[in-house]
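Please look at the structure first.

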Amino acid sequence: MSTLRLVALDDTVVFPGMPVTMQVETGEDQRVFLVPRQGTAYAKVGVVADVGDRVRVKGRRAVTLVPRYRAVAGQAVTDAAGVLRVDVEERPDVTPPPVATRDLEREYRAVVDEILDLRGDDGRIQSFVREITEPGALADTSGYSPDFNYSQKVQLLETFDVVERLTLALAFQRERLAELQVRQRIRDDMEDGAQKQQREYFLRRQMDAIRKELGDSDATAADDYRKKIADAGMPDAVRQQAERELGRLERLGDSNAEAGMIRTYLDWLLAVPWGKRSEERLDPVHARTVLDADHEGLDDVKKRITEYLAVRKLRAERGMSETKRSGVILTLIGPPGTGKTSIGESIARATGREFVRMSLGGVRDEAEIRGHRRTYIGALPGRLVRALRDAGTMNPVIMLDEVDKLGADWRGDPSAALLEVLDPAQNHGFRDHYLDVELDLSHVLFVATANVAESIPAPLFDRMEVIRFDGYTTREKVAIARGHLWPRQIERNGLRPEEVTVDDAVLRQVVSDYTREAGVRQLERELGTLLRKTATRIASAEQAPPIAVDAAAVREALGRPKVFHEAAIRTSVPGVATGLAVTGTGGDVLFVEAAAMPGKGGLVLTGQLGDVMKESARIALTYVNSHAGALGIEPGALDGREVHVHVPAGAIPKDGPSAGITIVTALASLLTGRPVKSTIGMTGEVTLQGRVLPIGGLKQKVLAAHAAGLTEVIVPDRNAPDLDDVPADVRDRMQFHVVTSVDEVLALALESNAIAAAA
Ligand SMILES: Nc1ncnc2c1ncn2[C@@H]1O[C@H](COP(=O)(O)OP(=O)(O)OP(=O)(O)O)[C@@H](O)[C@H]1O
Ligand SMILES: [Mg+2]
């Protein structure tokens, strides 16, 4: 029995033979009594430990303690220095005879070995345990185990009997081993699972192969694709790409989200008519027959088209490859309703190709032409691929309708994509962004249409072979109505040809009193209305066929004439002149009105005039002012007066220099009081010196003048050769005045007698 300083170890249990270094106060003592403590509860048993070296751990004083044997606390006293000291009853192990512990020991070592194996011990702890020969000390090695909790360790500490202690330690270790083994098994199971999936995949592949070997009818979607790809007649590179994608589809399996996208892609790839071509017919004679059958007149246009086909035929026969210049695109330019689209269809029919129309109006995104890359959600191929799909052949006629309405913005310039498409040097390897394979477009016959040439992107225009549609004369319209529109409308309204008749005079009446257009769309509508009313009469038994449609019937069906020849009324007062213009809808007459009123002087312009037209008006005013004397204008006629020039219809923007002489004439008329002749129309640019410069679109302007009931036209002399383009029947009925200067214009246009101006 000895009295030792008591050292409490919070939440820590140390066993004999288990040296520790800790920060505890030991004073000058050689031996201390270590007792585990949790909260305020002390264990019943502690260990007597020798105090070893005093060391510094992390800058603080610590001491090494070497526990020797178990002991039990007796009486406690606090000494003079305030240190708690207890009487301890020492209880060293009493080693039992080996027979009592041999089996337990062996078993214990085996269990611990297995645990250490499972934990992946490198052998050091195993050899440490092997060196311990005393059964009590062996049981105490459990104290090292990180897996035992405080109370388990205290329980071991409080067990004095060695056999009992070893039995208890063995029980603890067995529990521990079982737990580790379960954990290991779970981990193994998880790994097994992954392997199983892999095995399943291989088995499935084998099953597919076997199924195919047996010719099983339950073919998979993949097999379906494989067959389609093999039959599609794709070029090698495309087929390889398709097969690559198909491989991916098979690996992913049907349920994968990406599989849907791959299927869509394969469907598009298969939608391209790779191997298919119409047998082309490049016979110019046959082509002309077809064109003639479908369209009245348009002789010039038809001639150009047959020539184009003849050249293609020769080049093809002589094996000449397409060059940048040879591959010009036929471009049909003209006002609405003049048959551009429908002649495109005829070209297809004449050459035995399919026809697809691709409207470019409002296309401002390159991706519309070329498609979106597949990385975009919902990506689709561009319009060309869709056009080929619709055509079902690789050599259709593709009509690029309304190229003048192409836009461009930050999404890219669609005309750049079109340029590539139309370039024979590049278009055999056109790449749609979505399909991302090369498409051969070199066999497509591209035909473009536009209403005006000016708004076609310049690089595109440069590559075009332009064929102009200038609009029809009244006589041509009557012929078109007779040969095409009338029969078509008869049929549409459920009538038979012999039931309704009409003569040319009546058709002419419809053309001139009810339509005002370069083309024949409105005419066809009016004829439709006329025949619908006739059909109603027949159906309701009001009248028995055959019916001859006469002027009265036209008036009844179509109402009062919609078109007036206003030139006579408009020009009856001084200050109004009749000009000729070309707009997107064809030629037209336009009236320039001038008025003068008290004011600061100067010029007011209205009617949405463009800059060029405004400048024309300034030039006109300056010219009139500076030639006032020669023109017979009273000196000072403009003093303190403001001149107002207006060009109706006010809502439509107008521009261009060709109204120059018309504005001069209107001003001169106003200031001299001489009205402008009501039968005269004019067009021409004017200079400050009074020279008349040439203008464009003469044919369309003359047709418009004729349609508006004018009989005389003043044209710049440099435009005289263009008069040859005017159809003979119109030319014969009109008088043309070729002029070089404004003087001549005014001499021709103004009435000789002044009348009192309204102003
Ligand atoms: N010379 C013609 N002979 C027979 N029919 C014609 C002729 N010109 C036009 N047509 C008919 O007029 C109608 C309108 O023609 P189309 O649609 O081809 O006009 P478009 O020039 O393409 O006009 P837009 O510029 O508005 O597209 C069609 O039904 C067409 O058959
Ligand atoms: Mg059209």
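## Ligand shell

Three helices, α11 (340-351), α16 (474-492) and α18 (521-539), each give at least two residues to the shell around ligand 1. Helices (H or I, at least four residues) and strands (E, at least two) are DSSP runs, numbered from the N terminus. In total, 19 residues surround ligand 1. A residue is near a molecule or strand if one of its heavy atoms lies within 4 Å of it. The closest are Glu296, Gly337, Lys340, Thr341 and Arg488.

By class, the shell holds five nonpolar, eight polar and six charged residues. Ala, Val, Leu, Ile, Met, Phe, Trp, Tyr, Cys and Pro count as nonpolar; Asp, Glu, Lys and Arg count as charged; the others, Gly among them, are polar.

## Model basis

This is a predicted model: local features need pLDDT of at least 70, side-chain atom pairs count only at pLDDT 80 or more, and totals for chains, interfaces and linings use all residues. Residues are numbered from 1 along each chain as its sequence is written, chains are lettered from A and ligands numbered from 1 in the order in which they are written, and side-chain values use heavy atoms, with hydrogens and water left out.

Which parts of glycine 337 and arginine 488 reach oxygen atoms of ligand 1? For glycine 337, a backbone N or O atom lies 2.8 Å from a ligand 1 oxygen. For arginine 488, a side-chain N or O atom is 2.8 Å from an oxygen atom of ligand 1. A polar backbone atom of threonine 338 sits 3.2 Å from a ligand 1 oxygen. A polar contact is a pair of N or O atoms within 3.5 Å; within protein, one must be able to donate a hydrogen and the other to accept it, and residues adjacent in sequence count only if both atoms are side-chain atoms.

On its own, ligand 1 has 640 Å² of accessible area, and the protein covers 87% of this (Shrake-Rupley method, 1.4 Å probe; for residues, only the protein chains shown count as cover).

## Parallel sheet

Five strands form an open sheet in the order β9-β10-β13-β8-β14, with parallel pairing. Strands pair if DSSP finds at least two bridges between them. The edge strands, β9 (355-359) and β14 (464-468), each pair on one side only.

Strand β10 (residues 397-401) runs parallel to β9, joined by five bridges. Serine 359 stands opposite aspartate 401 in β10.

## Antiparallel strands

β17 (residues 576-583) and β18 (residues 586-598) pair in the antiparallel sense over eight bridges. They form a hairpin with two residues between them. Glycine 579 has leucine 590 in β18 as its bridge partner.

Strand β20 (residues 641-646) is joined to β18 by six bridges, also antiparallel. There, histidine 646 in β20 is the bridge partner of glutamate 593.
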